[in-house]
Amino acid sequence: TENGSIGITGSIDGTVKVLGHGTTVYGLWAKTGDITLDSIGSTGNIDVTGNFSSYGMYAKTGLTIKNAIAGNISVTSETGNVAYALTALSNDSTIRSNLVIGSIASTSNISVQTGGFEACALSASYGFLVLGDITVGDMPGIITVNKLGNHDHVRCGIHQAEHHWKAAAL
């Protein structure tokens, strides 16, 4: 959505598939607001592939998945800039963007890969070098971050340099 927030009161049990060859592609995008959803069920899939910047879910003011991610999230940036599975990023030092996930179930596979600069599975921040919090409940699921090609670039499972991320159990 260009303006506002996204709220899904139930579970994503189907597939959100985005294939793009432009500058930036998103599975779910809240440009000026937040994303809140109940869960991603075991049959739910978010699959995003693009050439430059690719995002599974991107929210400016916060991203919350209240219960489990039991399905799969796959994000690929084939040749370009960045690939993020779940990110809360405001680019505004007055807006703290947090990422909250109830749990990442053992049936879940979060996969991110890029041929470009940076690939991260979970990320939160609110301005240059000012970070948001990442909170995850149980996390028996799998997070995989890969590079495409022979380039050395930034790859991170959980992007939180200031040690503000919290996990109940890993």
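Strands, cores and ring pairs

User: Which residue does I40 stand opposite in β7?

Analyst: In this predicted model, the residue in β7 opposite I40 is I69.

User: What makes β4 and β7 a pair of strands?

Analyst: Two strands pair if there are at least two bridges between them. β4 and β7 (residues 62–69) are joined by five bridges, so they pair under that rule. The two strands run parallel.

User: How do you know that β1 and β4 pair?

Analyst: By the count of bridges again. Strand β1 (residues 6–12) and strand β4 (residues 34–40) are joined by five bridges and run parallel. The rule asks for at least two, so β1 and β4 count as a pair. Within it, G7 stands opposite T36 of β4.

User: What makes β2 and β14 edge strands?

Analyst: The sheet is an open one of five strands, paired in parallel, in the order β2-β5-β8-β11-β14. β2 (15–19) and β14 (142–147) each pair on one side only, and these are the edge strands. From one strand to the next, the twist averages 5°.

User: How do you know that β11 pairs with β14?

Analyst: Strand β11 (residues 109–114) is joined to β14 by six bridges, and the two run parallel. Since at least two bridges are required, β11 and β14 pair. One of the bridge partners in β14 is I142, which goes with N109.

User: How many helices and strands does the chain have?

Analyst: There are 16 strands and zero helices.

User: Which residues have the most contacts inside the largest nonpolar core?

Analyst: They are I35, I40, M57, I69, I73 and L86, in a core of 34 residues. I40 also touches residues beyond its neighbours within four places in sequence, including S11, I12, I46, M57, I69 and I73. A second, separate core has five residues, among them Y58, V82, Y84 and C120.

User: Why is S97 called buried?

Analyst: Buried means under 20% relative accessible area. S97 has 0% relative accessibility, so S97 counts as buried. S97 lies in the loop between β9 (82–89) and β10 (99–104).

User: What makes the approach of S97 to K60 a polar contact?

Analyst: The cut-off for the two atoms is 3.5 Å. The side chain of S97 reaches the backbone oxygen of K60 at 2.3 Å, so the distance is within that limit.

User: Why is the pair of Y26 and W29 called stacked?

Analyst: Two rings pair if their centres lie within 6.5 Å, and planes under 30 degrees apart count as stacked. For Y26 and W29 the values are 4.3 Å centre to centre and 5° between the planes. Both fall inside the limits, so the pair is stacked.

User: What makes Y55 and Y58 edge-to-face rather than stacked?

Analyst: Planes over 60 degrees apart count as edge-to-face. The planes of Y55 and Y58 are 80° apart, with the centres at 4.9 Å, so this pair is edge-to-face. Ring pairs link Y26, W29, Y55, Y58 and Y84 into a cluster.

User: How do you know whether Y55, Y58, Y26 and W29 are buried or partly exposed?

Analyst: Y55 has 10%, so Y55 counts as buried. Y58, with 11%, is buried as well. Y26 counts as partly exposed because its value is 22%. W29 has 24%, so W29 is partly exposed.

Terms used
Residues numbered from 1 in each chain as written. Predicted model: local features only at pLDDT ≥ 70, side-chain atom pairs only at ≥ 80, totals over all residues. Heavy atoms only, no water. Helix = DSSP H or I, 4+ residues; strand = E, 2+ residues; numbered from the N terminus. Buried < 20%, exposed > 50% of the residue type's maximum accessible area, 1.4 Å probe, protein only. Polar contact = N/O pair within 3.5 Å; in protein donor to acceptor, adjacent residues only side chain to side chain. Axes fitted to C-alpha atoms, helices over the stretch in contact; angles between N-to-C directions. Core = buried A, V, L, I, M, F, W, Y, C linked by side-chain atoms within 4.5 Å. Contact = heavy atoms within 4.5 Å. Phe/Tyr/Trp six-rings, centres within 6.5 Å; stacked < 30°, edge-to-face > 60°.
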